[in-house]
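Here is a short report on helix packing and a ligand shell. Have the sequence and the model open as you read.

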Amino acid sequence: MDTSTAAASGGPQDFYRALHQAFDATLARHPGRPALLDALLGQAFDSFQGNVAIQCEDEPPLACHRGCATCCTLRVTATTPEVLLVARFLRAVQPALRARGIDLIGQLRAANAGSQGLGEQERVGLRQVCPFIAQGVCVIYAVRPLACRGHASHDVKACVAAARGERDEVPYSAGHHLVRALVQNAMQSALRDAGLAWGSVEFNQALLLALDQPEAEARWLSGEDVLAAAAVHEVPADEMAAVFDRLRPH
Ligand code: SF4
């Protein structure tokens, strides 16, 4: 099944299983090879993008647009391959950005020093702006994690008030949230079945771990959980694994 628009042809479970099988095939095609990262995440981002529009057909229009970073103070979680892709991107663009006076990795270190180890609610209270915003724009937009893609609002005034701590609830897009969860969980379950690290990690801390270990990508491809120190544990791994086992495609 072409998973870039699979949500149109079945329910969430059918979509999840089709995605899982597509990720299984990609993982089998590139065992232990650096090409896996691009292939896996290209598939994840295309599947998200292709299906979110279908899933949100009956929702009000989004208030989000490229260049709006109002909600970019929240804690971001990601999977290991997403973090490794951003690490690759940062290594490639850092020299050019430094020449323009932008030190993204320095900003990342400073942000992480103030937030490492804080839970989701503490991070909301901190109101720390994401270190990847430069001149009001997300510099890593092309490779941003699924968590950022799946966080979309229908009301920018509500986002502004929430960012100031003046309100708790924002009308977020349920369709974006659902498609992000289905794509991410299908990828995580396929990674687990392939013997690769599959848990969620706190983005900033994990990214520094990846940047500080030149062999992180090769070690992850060989089965090591190289970002384990940044793991988030809100949902215990054994509970997630039990759900993945129940939903695995036959
Ligand atoms: S990575 Fe980009 S989209 Fe995600 S929180 Fe940071 S600035 Fe916002």
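## Helices α2 and α8

Axes here are lines fitted to C-alpha atoms, for helices over the stretch in contact, and angles run from 0 to 180 degrees between N-to-C directions. The model is predicted. In it, helix α2 spans residues 35–55 and helix α8 spans residues 174–193. The two pack at an angle of about 150°, and their axes lie 9 Å apart. Angles over 145 degrees count as roughly antiparallel, so α2 is roughly antiparallel to α8. Their crossing is right-handed.

Which residues of α2 and α8 make the contact? From α2 come L40, A44, S47, F48, N51, V52 and Q55. From α8 come G175, H176, L178, V179, R180, V183 and M187. Sorted by class, this contact holds 8 nonpolar, 5 polar and 1 charged residues. An α-helix has 3.6 residues a turn, so residues three or four places apart point the same way.

## A closer look at L178

L178 sits in helix α8. Is L178 buried or partly exposed? L178 has 18 C-beta neighbours inside 10 Å. A buried residue needs 20 or more, so L178 counts as partly exposed.

Leaving out residues up to four places away in sequence, L178 touches P12 and Q55.

## Helix α9 and its neighbours

Helix α9 covers residues 203–212 and is mostly covered, with 8 of its 10 residues buried. The buried ones are F203, N204, Q205, A206, L207, L208, L209 and A210. They pack against several elements: strands β1 (77–79) and β4 (200–202), and helices α3 (80–99), α4 (104–115) and α10 (216–221).

Take α4 as one of these partners. The axes of α4 and α9 come within 9 Å and cross at roughly 130°. That angle makes α4 oblique to α9. The crossing is left-handed. On the α4 side, I105, L108, R109, A111, N112 and S115 take part. They meet N204, Q205, L207, L208 and L211 of α9. By class, the contact of α4 with α9 has 6 nonpolar, 4 polar and 1 charged residues.

## The ligand shell

Which residues are around the ligand? They are A69, C72, V76, C130, F132, I133, C138, I140, R144 and C148. The shell has 9 nonpolar residues, no polar ones and 1 charged.

Methods:
Residues are numbered from 1 along each chain as its sequence is written. This is a predicted model: local features need pLDDT of at least 70, side-chain atom pairs count only at pLDDT 80 or more; totals for chains, interfaces and linings use all residues. A residue is near a molecule or strand if its C-beta atom, placed from the backbone, lies within 6 Å of it. Ala, Val, Leu, Ile, Met, Phe, Trp, Tyr, Cys and Pro count as nonpolar, Asp, Glu, Lys and Arg as charged, and the others, Gly among them, as polar. Helices (H or I, at least four residues) and strands (E, at least two) are DSSP runs, numbered from the N terminus. Angles under 35 degrees count as roughly parallel, over 145 as roughly antiparallel, 65 to 115 as roughly perpendicular and the rest as oblique. A crossing is left-handed if the near helix is turned anticlockwise from the far one by less than a right angle, and right-handed if clockwise. Two residues are in contact if their C-beta atoms, placed from the backbone, lie within 7 Å. A residue is buried if 20 or more other C-beta atoms lie within 10 Å of its own, exposed if 12 or fewer, and partly exposed in between; C-beta atoms are placed from the backbone.
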